[in-house]
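Please look over the sequence and the model before turning to the notes below.

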Amino acid sequence: MNTPALIIVLYHPTSDDVEQVRRLAGQWPGCIVDNSEEPCFGTPEVGRMQYVCNGQNEGIAAAQAVGIRKMKERKDISHLVFLDQDTRIPTDYPQLIADEYERIKTSMPQLALLGPTLRNLRSGEEYRSVVHRDHPTADDFIPRRDVISTGCCIGIDVLNDVGEPEKALFIDYVDFEWCWRAKAKHYVCGITPHITIGHQVGQRELKIGSYRVIISRPGRYYYQYRNYLWLLRRRYVPLQWKVATGIKQLARLVYFPLLVRDGGRCWTYMWRGIRDGLRP
(Lines give C-alpha, C1' and ligand atoms only; values in the text may rest on other atoms or scores of the structure.)
Protein backbone atom coordinates (compact mmCIF):
# COMPACT_ATOMS: atom_id res chain seq x y z
CA MET A 1 0.00 0.00 0.00
CA ASN A 2 1.38 3.43 -0.98
CA THR A 3 1.01 5.79 1.97
CA PRO A 4 1.90 9.38 1.06
CA ALA A 5 2.40 12.30 3.42
CA LEU A 6 2.45 16.00 2.57
CA ILE A 7 5.22 18.48 3.32
CA ILE A 8 3.74 22.01 3.10
CA VAL A 9 5.88 25.12 3.52
CA LEU A 10 4.18 28.37 4.57
CA TYR A 11 5.41 31.95 4.58
CA HIS A 12 2.90 34.73 5.27
CA PRO A 13 0.05 32.66 3.78
CA THR A 14 -3.24 34.19 2.68
CA SER A 15 -6.54 33.14 4.22
CA ASP A 16 -7.16 30.99 1.12
CA ASP A 17 -3.78 29.29 1.60
CA VAL A 18 -4.61 28.53 5.24
CA GLU A 19 -8.02 27.17 4.27
CA GLN A 20 -6.44 24.79 1.75
CA VAL A 21 -3.99 23.56 4.38
CA ARG A 22 -6.84 22.85 6.79
CA ARG A 23 -8.71 20.97 4.07
CA LEU A 24 -5.72 18.80 3.20
CA ALA A 25 -4.74 18.25 6.84
CA GLY A 26 -8.19 16.87 7.52
CA GLN A 27 -7.47 13.94 5.22
CA TRP A 28 -3.69 13.42 4.94
CA PRO A 29 -0.78 12.92 7.33
CA GLY A 30 2.16 15.26 6.92
CA CYS A 31 4.02 18.24 8.28
CA ILE A 32 3.27 21.94 7.89
CA VAL A 33 6.43 24.02 8.33
CA ASP A 34 5.80 27.74 8.78
CA ASN A 35 8.57 30.25 8.04
CA SER A 36 6.39 33.16 9.20
CA GLU A 37 7.37 35.24 12.23
CA GLU A 38 4.01 34.64 13.88
CA PRO A 39 2.28 31.23 13.86
CA CYS A 40 -0.70 30.73 11.55
CA PHE A 41 -2.07 27.96 13.77
CA GLY A 42 -2.23 27.86 17.55
CA THR A 43 -1.64 24.13 18.07
CA PRO A 44 1.19 21.67 17.24
CA GLU A 45 -1.25 19.61 15.20
CA VAL A 46 -3.62 20.64 12.43
CA GLY A 47 -5.95 17.81 11.50
CA ARG A 48 -3.70 14.82 10.82
CA MET A 49 -0.60 16.95 10.25
CA GLN A 50 2.12 18.18 12.57
CA TYR A 51 2.67 21.93 12.67
CA VAL A 52 6.05 23.60 13.19
CA CYS A 53 6.52 27.38 13.24
CA ASN A 54 10.14 28.46 12.77
CA GLY A 55 9.45 32.03 13.87
CA GLN A 56 11.59 33.39 11.03
CA ASN A 57 12.18 32.76 7.35
CA GLU A 58 14.75 29.97 7.26
CA GLY A 59 14.21 29.26 3.57
CA ILE A 60 12.32 26.56 1.74
CA ALA A 61 15.15 24.03 1.88
CA ALA A 62 15.47 24.19 5.68
CA ALA A 63 11.69 24.03 6.06
CA GLN A 64 11.43 21.00 3.79
CA ALA A 65 14.22 19.32 5.73
CA VAL A 66 12.27 19.76 8.97
CA GLY A 67 9.24 18.11 7.40
CA ILE A 68 11.31 15.29 5.93
CA ARG A 69 12.86 14.45 9.30
CA LYS A 70 9.46 14.52 11.03
CA MET A 71 7.94 12.14 8.50
CA LYS A 72 10.93 9.80 8.57
CA GLU A 73 10.11 9.15 12.21
CA ARG A 74 6.91 7.45 11.06
CA LYS A 75 7.29 3.94 9.75
CA ASP A 76 3.97 3.92 7.86
CA ILE A 77 4.93 6.61 5.28
CA SER A 78 6.23 5.46 1.90
CA HIS A 79 6.20 8.69 -0.16
CA LEU A 80 6.50 12.41 0.48
CA VAL A 81 4.60 14.95 -1.60
CA PHE A 82 5.93 18.54 -1.47
CA LEU A 83 3.63 21.51 -1.79
CA ASP A 84 3.98 25.29 -1.95
CA GLN A 85 1.27 27.24 -0.14
CA ASP A 86 -0.06 28.84 -3.34
CA THR A 87 -0.37 25.60 -5.34
CA ARG A 88 -3.91 24.29 -5.51
CA ILE A 89 -4.55 20.56 -5.61
CA PRO A 90 -7.63 18.34 -5.27
CA THR A 91 -7.95 16.44 -2.01
CA ASP A 92 -7.09 13.07 -3.60
CA TYR A 93 -3.91 14.41 -5.25
CA PRO A 94 -1.34 12.87 -2.83
CA GLN A 95 -2.61 9.35 -3.49
CA LEU A 96 -2.85 9.95 -7.24
CA ILE A 97 0.76 11.11 -7.58
CA ALA A 98 2.09 8.38 -5.25
CA ASP A 99 0.28 5.67 -7.22
CA GLU A 100 1.57 7.15 -10.49
CA TYR A 101 5.07 7.18 -9.03
CA GLU A 102 4.88 3.47 -8.28
CA ARG A 103 3.32 2.69 -11.66
CA ILE A 104 6.26 4.30 -13.46
CA LYS A 105 8.78 2.80 -11.08
CA THR A 106 7.80 -0.73 -12.11
CA SER A 107 9.45 -0.12 -15.48
CA MET A 108 11.94 2.51 -14.27
CA PRO A 109 13.32 1.36 -10.91
CA GLN A 110 15.82 4.27 -10.81
CA LEU A 111 12.99 6.82 -10.54
CA ALA A 112 13.77 9.42 -7.87
CA LEU A 113 11.24 12.21 -8.28
CA LEU A 114 7.96 12.49 -10.15
CA GLY A 115 6.26 15.82 -10.72
CA PRO A 116 2.89 16.68 -12.25
CA THR A 117 2.39 18.69 -15.41
CA LEU A 118 2.25 22.31 -14.26
CA ARG A 119 -0.01 24.87 -15.87
CA ASN A 120 0.21 28.63 -15.49
CA LEU A 121 -2.65 29.76 -13.24
CA ARG A 122 -3.07 32.99 -15.24
CA SER A 123 -2.84 31.75 -18.81
CA GLY A 124 -3.62 28.04 -18.42
CA GLU A 125 -0.58 27.22 -20.56
CA GLU A 126 1.74 24.39 -19.66
CA TYR A 127 5.15 25.40 -18.35
CA ARG A 128 7.68 24.18 -20.92
CA SER A 129 11.39 24.66 -21.45
CA VAL A 130 12.28 26.81 -24.45
CA VAL A 131 15.47 24.77 -24.84
CA HIS A 132 14.57 21.14 -24.16
CA ARG A 133 12.10 18.96 -26.05
CA ASP A 134 10.15 16.31 -24.18
CA HIS A 135 10.68 12.67 -25.11
CA PRO A 136 8.05 10.54 -23.32
CA THR A 137 8.86 6.90 -22.64
CA ALA A 138 6.58 4.01 -23.55
CA ASP A 139 4.82 4.26 -20.16
CA ASP A 140 4.12 8.00 -20.57
CA PHE A 141 6.91 9.17 -18.31
CA ILE A 142 8.62 12.41 -19.39
CA PRO A 143 12.24 12.55 -18.18
CA ARG A 144 13.37 16.02 -17.10
CA ARG A 145 16.81 17.20 -16.09
CA ASP A 146 15.23 19.30 -13.33
CA VAL A 147 11.72 19.51 -11.91
CA ILE A 148 10.01 22.21 -9.84
CA SER A 149 9.38 20.82 -6.36
CA THR A 150 5.75 21.82 -5.85
CA GLY A 151 3.47 18.84 -6.28
CA CYS A 152 6.36 16.42 -6.70
CA CYS A 153 6.51 12.97 -5.12
CA ILE A 154 9.66 11.30 -3.79
CA GLY A 155 10.05 7.86 -2.25
CA ILE A 156 11.35 7.82 1.33
CA ASP A 157 14.02 5.30 0.34
CA VAL A 158 15.37 7.68 -2.32
CA LEU A 159 15.56 10.57 0.16
CA ASN A 160 17.61 8.35 2.45
CA ASP A 161 20.12 7.88 -0.37
CA VAL A 162 20.20 11.31 -2.05
CA GLY A 163 19.77 13.37 1.11
CA GLU A 164 17.82 16.46 2.10
CA PRO A 165 17.53 19.73 0.15
CA GLU A 166 20.56 21.99 0.57
CA LYS A 167 19.79 24.59 3.26
CA ALA A 168 22.51 27.03 2.19
CA LEU A 169 20.72 27.70 -1.11
CA PHE A 170 17.74 28.99 0.91
CA ILE A 171 15.19 29.16 -1.93
CA ASP A 172 16.26 29.46 -5.58
CA TYR A 173 17.51 26.36 -7.43
CA VAL A 174 16.95 24.18 -4.34
CA ASP A 175 14.75 21.76 -6.30
CA PHE A 176 17.04 21.77 -9.36
CA GLU A 177 20.14 21.04 -7.28
CA TRP A 178 18.42 18.08 -5.63
CA CYS A 179 17.52 16.65 -9.05
CA TRP A 180 21.11 17.04 -10.29
CA ARG A 181 22.44 15.42 -7.12
CA ALA A 182 20.03 12.52 -7.66
CA LYS A 183 21.18 12.17 -11.27
CA ALA A 184 24.80 12.02 -10.08
CA LYS A 185 23.72 8.94 -8.12
CA HIS A 186 22.18 7.46 -11.31
CA TYR A 187 18.56 8.27 -10.53
CA VAL A 188 16.02 9.73 -12.96
CA CYS A 189 13.60 12.62 -12.42
CA GLY A 190 10.65 13.66 -14.54
CA ILE A 191 6.95 14.45 -14.84
CA THR A 192 3.75 12.69 -15.79
CA PRO A 193 1.23 13.98 -18.35
CA HIS A 194 -1.56 12.13 -16.55
CA ILE A 195 -1.71 14.51 -13.57
CA THR A 196 -1.98 18.28 -14.01
CA ILE A 197 -2.11 21.06 -11.40
CA GLY A 198 -2.11 24.85 -11.52
CA HIS A 199 0.83 26.85 -10.22
CA GLN A 200 2.19 30.37 -10.60
CA VAL A 201 5.93 30.85 -11.01
CA GLY A 202 7.02 34.36 -10.04
CA GLN A 203 4.88 37.41 -9.30
CA ARG A 204 4.11 38.43 -12.87
CA GLU A 205 5.34 38.10 -16.44
CA LEU A 206 6.92 40.44 -18.98
CA LYS A 207 6.34 39.71 -22.64
CA ILE A 208 9.21 40.56 -25.00
CA GLY A 209 8.10 39.59 -28.49
CA SER A 210 6.99 35.96 -28.27
CA TYR A 211 9.13 35.33 -25.20
CA ARG A 212 7.68 35.49 -21.67
CA VAL A 213 10.00 36.55 -18.86
CA ILE A 214 9.00 35.51 -15.34
CA ILE A 215 9.37 38.40 -12.89
CA SER A 216 10.05 37.53 -9.25
CA ARG A 217 10.05 39.65 -6.11
CA PRO A 218 13.17 41.87 -6.05
CA GLY A 219 14.78 40.02 -3.14
CA ARG A 220 14.67 36.71 -5.02
CA TYR A 221 17.27 37.96 -7.47
CA TYR A 222 19.86 38.02 -4.71
CA TYR A 223 19.50 34.24 -4.29
CA GLN A 224 19.28 33.57 -8.01
CA TYR A 225 22.58 35.31 -8.73
CA ARG A 226 24.40 34.17 -5.60
CA ASN A 227 23.29 30.56 -5.94
CA TYR A 228 24.12 30.49 -9.65
CA LEU A 229 27.72 31.46 -8.89
CA TRP A 230 27.90 28.84 -6.15
CA LEU A 231 26.49 26.10 -8.41
CA LEU A 232 28.73 27.15 -11.30
CA ARG A 233 31.67 25.61 -9.42
CA ARG A 234 30.10 22.16 -9.02
CA ARG A 235 30.94 19.41 -11.48
CA TYR A 236 27.59 17.59 -11.26
CA VAL A 237 25.63 20.70 -12.32
CA PRO A 238 24.78 20.41 -16.07
CA LEU A 239 26.98 22.47 -18.38
CA GLN A 240 23.99 23.47 -20.53
CA TRP A 241 22.25 24.94 -17.48
CA LYS A 242 25.38 26.84 -16.50
CA VAL A 243 25.66 28.40 -19.97
CA ALA A 244 21.96 29.12 -20.54
CA THR A 245 21.41 30.56 -17.06
CA GLY A 246 24.57 32.65 -17.30
CA ILE A 247 23.33 34.20 -20.55
CA LYS A 248 19.92 34.97 -18.99
CA GLN A 249 21.48 36.56 -15.96
CA LEU A 250 23.81 38.75 -18.01
CA ALA A 251 20.85 39.87 -20.15
CA ARG A 252 18.77 40.73 -17.07
CA LEU A 253 21.50 43.04 -15.80
CA VAL A 254 20.99 45.06 -19.00
CA TYR A 255 17.23 45.15 -19.57
CA PHE A 256 15.74 44.89 -16.07
CA PRO A 257 16.46 48.52 -15.10
CA LEU A 258 15.00 49.66 -18.43
CA LEU A 259 11.94 47.46 -18.95
CA VAL A 260 10.83 45.96 -15.64
CA ARG A 261 8.69 47.73 -13.06
CA ASP A 262 10.80 47.99 -9.90
CA GLY A 263 13.71 46.85 -12.06
CA GLY A 264 16.11 49.16 -10.24
CA ARG A 265 15.57 47.31 -6.95
CA CYS A 266 15.91 43.97 -8.71
CA TRP A 267 19.18 45.18 -10.24
CA THR A 268 20.53 46.13 -6.81
CA TYR A 269 19.76 42.66 -5.44
CA MET A 270 21.39 41.05 -8.48
CA TRP A 271 24.67 42.83 -7.77
CA ARG A 272 24.51 41.93 -4.08
CA GLY A 273 24.08 38.32 -5.11
CA ILE A 274 27.04 38.56 -7.46
CA ARG A 275 29.17 40.06 -4.68
CA ASP A 276 28.35 37.29 -2.21
CA GLY A 277 28.44 34.54 -4.85
CA LEU A 278 32.03 35.45 -5.80
CA ARG A 279 33.22 35.16 -2.22
CA PRO A 280 35.04 31.91 -1.45
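Which residues form a nonpolar patch on the surface, with about 310 Å² of accessible area together? The patch is formed by Leu-239, Val-243 and Ile-247. The model is a predicted one, and its chain contains eight helices and eleven strands.

**Surface patch**
- Val-243, one of the patch residues, is placed in helix 7, which covers residues 239-259.
- Val-243 has 46% relative accessibility and therefore counts as partly exposed.

**Overall form**
- The radius of gyration of the chain is 19 Å, in agreement with the value near 19 Å that a compact globule of 280 residues would have.
- The C-alpha trace spans about 55 × 50 × 40 Å along its principal axes.
- Of the 280 residues in the chain, 53% are buried.
- The chain exposes about 13500 Å², and carbon and sulfur atoms supply 54% of this area.
- Among contacts between residues at least 6 apart in sequence, 70% join residues at least 24 apart.

**Nonpolar cores**
- The largest nonpolar core comprises 62 residues, and Leu-80 and Trp-178 have the most contacts inside it.
- A second, separate core holds 20 residues, including Tyr-173, Tyr-225, Met-270 and Ile-274.
- Leaving aside residues up to four places away in sequence, Leu-80 touches several residues, among them Ala-5, Ile-7, Ile-68, Met-71 and Leu-159.
- Cys-152, Cys-153, Ile-154 and Ile-156 are also among the residues that Leu-80 touches.

**Salt bridges**
- The whole structure has 14 salt bridges.
- One of them pairs Arg-69 with Glu-164, with the closest N and O atoms 3.1 Å apart.
- Arg-69 belongs to helix 2 (residues 60-72) and Glu-164 to the loop between helix 4 (156-162) and helix 5 (174-184), so this pair ties together parts that are 95 residues apart in sequence.
- Arg-69 is partly exposed at a relative accessible area of 37%, and Glu-164 is partly exposed at 24%.
- Asp-76 and Arg-74 meet through their side chains in a salt bridge of 2.7 Å, N to O.
- Asp-76 is partly exposed at 40% relative accessibility, and Arg-74 is partly exposed at 28%.
- A salt bridge of 3.0 Å, N to O, joins the side chains of Arg-275 and Asp-276.
- Arg-275 is partly exposed, with a relative accessible area of 44%, whereas Asp-276 is buried, with 15%.

Conventions. Residues are numbered from 1 along each chain as its sequence is written. This is a predicted model: local features need pLDDT of at least 70, side-chain atom pairs count only at pLDDT 80 or more; totals for chains, interfaces and linings use all residues. Side-chain values use heavy atoms; hydrogens and water are left out. Patches are made of residues with over 30% relative accessible area and no salt bridge: like charges are joined within 9 Å, nonpolar side chains (Val, Leu, Ile, Met, Phe, Trp, Tyr) within 5 Å. Accessible areas come from the Shrake-Rupley method with a 1.4 Å probe; for residues, only the protein chains shown count as cover. A salt bridge is a side-chain nitrogen of Lys or Arg within 4 Å of a carboxyl oxygen of Asp or Glu. Helices (H or I, at least four residues) and strands (E, at least two) are DSSP runs, numbered from the N terminus. Buried means under 20% relative accessible area, exposed over 50%, partly exposed in between (1.4 Å probe, protein chains only). A nonpolar core is a set of buried Ala, Val, Leu, Ile, Met, Phe, Trp, Tyr and Cys residues joined through side-chain atoms within 4.5 Å. Contact means heavy atoms within 4.5 Å. The radius of gyration is taken over C-alpha atoms; the globule rule is 2.2 Å times the number of residues to the power 0.38.
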